[in-house]
Amino acid sequence: AFLFKAGSTAVDISDADFPADNITNPVWFSNYLFVGDLDTNRIYNSSLSNPTTWSALGYVTPTAFGDMIRGLSVYNNYLVAFKEYTMEFYEDKGTTPSPLALIKGALQHYGCLHRHTIKEIDGDIIFLSNDTAKRKRVSVLTNNFQIKHISTPWVEQVIQGISDTEIALNRADVLTIESQTFYILTIKNAFNSALVTLVYDVDEHTWYHWKSTAFTDNIIPIAGNFIVPASGLVWQNRETGLLHLMYPNDHTDGASSAKVIMQAQTPIFDDGNNALKLLNSVELVHLPKANKTPSTDGTGIVFDRLPTTYIAWSKDDYAIGSDEYWSGPAAGADITQGRLVADDTVTWTSPAAQGKIRRMKARRCGYFRRISFRVTQSLNGSLSNRPIPIWEYLELDYDVGESSAKNLDKGEN
C-alpha cells in the first residue's frame, strides 16, 4: 500500500504488520489510520500520527454479532464498523495497542452490502443496507445513531435484484453540481447482468435513473467512477474505460449530437379508491422563474423555453405486454400541435411573454381505476448548451364513479 501526501511523493507502507491483503477502505480517525481485515474480521490501527508504522497487536475484533466486517467510516466523533447485517460504533479511549472501545448501547441491526457504497454527506452516511432478512435498501445513518431508509419501493425492487456473487460491482459516488448534491449508486442486476445507475437528489429527496438513450433500444448505462473538475463532470465508463465529460447546460451528445432526454414517472394514482374514473384532461404546467429574466446567447433566443414533450400513461399497473402499457393520447384527442410540443422555436422578448405560465393539455383521455404517468422531454438538437426548463406540475381533471362510468361525481386534482 502507498500513502499519498499533498505536495509530496507517494510513501510505501512497508511495515510487515500492515494487513495489506483484502482490506476495507482506509479511514483516518483520531490521528490513527484504520483498516478492516476482511479475512480475520479485525480492525487494525496504525501508530499515533504515523500511518506508516503498524503493530501486530494493534487491532480490535467486532464480536458483538457474528457477521463479517464490510467497511469503515467516521461518524461524528466515532468510528463505525459496517458489517454484513449489523453495525458497531467505537470511540477513542486512548488505550494501547488499540485505542478503540465499543459503544454497546449504539449497536444497529442493519449492515452494509459493500464498502464502496458508503458515502458521507453533511455529517450523515448514506449506504446500501442489508439485514438478516436480506432486504436491500438505501439507508442513511443520521444523528443520534438513527437509521432512515430513503429508497422508494421502486428503487428497492431494482436493488433487490443485486447479484449476490458480484457484490463488489456495486459502488457509489457523491457529486455536488450547481449546489445540488447527488448520491450516485451503480449496481449489477442478477436477472439480466445489466448495470443500473440510480441517483438520489439529497436536497430534493428525489430518485432518478440515469442512462443514455436516443429513443432507440440501444440503451447504455451511465455506470462508472465520477469526479468533478474545474468545470463539468467527468465519469469513466466502467465497461469501456472511456472518459466522458458532462456539462449541466449541455443536452446533446457531443460525438453523435443525440439528444439528452429526461423522463419523469409518477407513482400509481387511484385517489384512494378502486372506483372507475373518467379522465377529462391531463395538463402540464411550467412556472416562470421569479424575478429573473431569461438570458440570451447573443442571437435573441432566450434560455427559458419549453422542450418538446411527450406524455404517456399506464392503466394496468405497468403490465408489460399489455396494449395499454404506456399508451399515448388517443386519436382525436385535443392535443397541442399533435404531440404536446410547447413553443420550441418561439423567441420571447417582452417581460410579459417571459413571465407568463406555460401550459399544455391533452383532453378526453379515457377511463381508469389506477393510473401512472410518464413525461419525456428534450430540446431541439440545434438548441444545445442551454438549460432545459422543467415542468413543475401535472394536473388532472377527472370524474369519479362507483364501479362503472355511470353516476360520476365531479373531482379535480
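Okay, so let's start with the open sheet whose four strands go in the order S7-S8-S9-S10, with antiparallel pairing. Strands here are DSSP E runs of at least two residues, numbered from the N terminus, and two of them count as paired if DSSP finds at least two bridges between them. At the edges sit strand S7 (69-75) and strand S10 (100-102), each pairing on one side only. From one strand to the next, the twist averages 30 degrees; the axes are lines fitted to C-alpha atoms, and angles run from 0 to 180 degrees between N-to-C directions. Strand S9 (residues 87-92) is joined to S10 by three bridges, antiparallel, and there aspartate 92 faces leucine 100 in S10.

Quick housekeeping. This is a predicted model, where local features need pLDDT of at least 70, side-chain atom pairs count only at pLDDT 80 or more, and totals for chains, interfaces and linings use all residues. Residues are numbered from 1 along each chain as its sequence is written, and side-chain values use heavy atoms, with hydrogens and water left out.

There's another open sheet, again four strands, ordered S3-S4-S5-S6 and paired antiparallel. Its edge strands are strand S3 (27-29) and strand S6 (50-60), and the twist averages 35 degrees from one strand to the next. S5 (residues 42-47) runs antiparallel to S6, with four bridges joining them, and isoleucine 43 sits opposite valine 60.

Now, the cores. A nonpolar core means buried Ala, Val, Leu, Ile, Met, Phe, Trp, Tyr and Cys residues joined through side-chain atoms within 4.5 Å, and buried means under 20% relative accessible area with a 1.4 Å probe, protein chains only. Which members of the largest core touch the most others? Those are Ile126, Val138, Ile159, Tyr183 and Leu185, out of 21 residues. Strands S13 (124-130), S14 (137-142), S17 (180-188) and S18 (195-201) each supply at least two residues, and so does helix H1 (153-159); a helix is a DSSP H or I run of at least four residues. Beyond its neighbours within four places in sequence, isoleucine 126 has contacts including Thr117, Ile121, Val140, Ile150 and Val202, with contact meaning heavy atoms within 4.5 Å.

A second, separate core has 18 residues, among them Phe368, Val375, Tyr398 and Val400.

Last stop, strand S25 (residues 277-286): eight of its 10 residues are buried. S25 pairs antiparallel with strand S30 (residues 393-400) over eight bridges, putting valine 285 opposite tyrosine 393. S25 also pairs antiparallel with strand S28 (residues 367-368), over two bridges, and lysine 277 stands opposite phenylalanine 368 there.

How values were computed
Buried means under 20% relative accessible area, exposed over 50%, partly exposed in between (1.4 Å probe, protein chains only).
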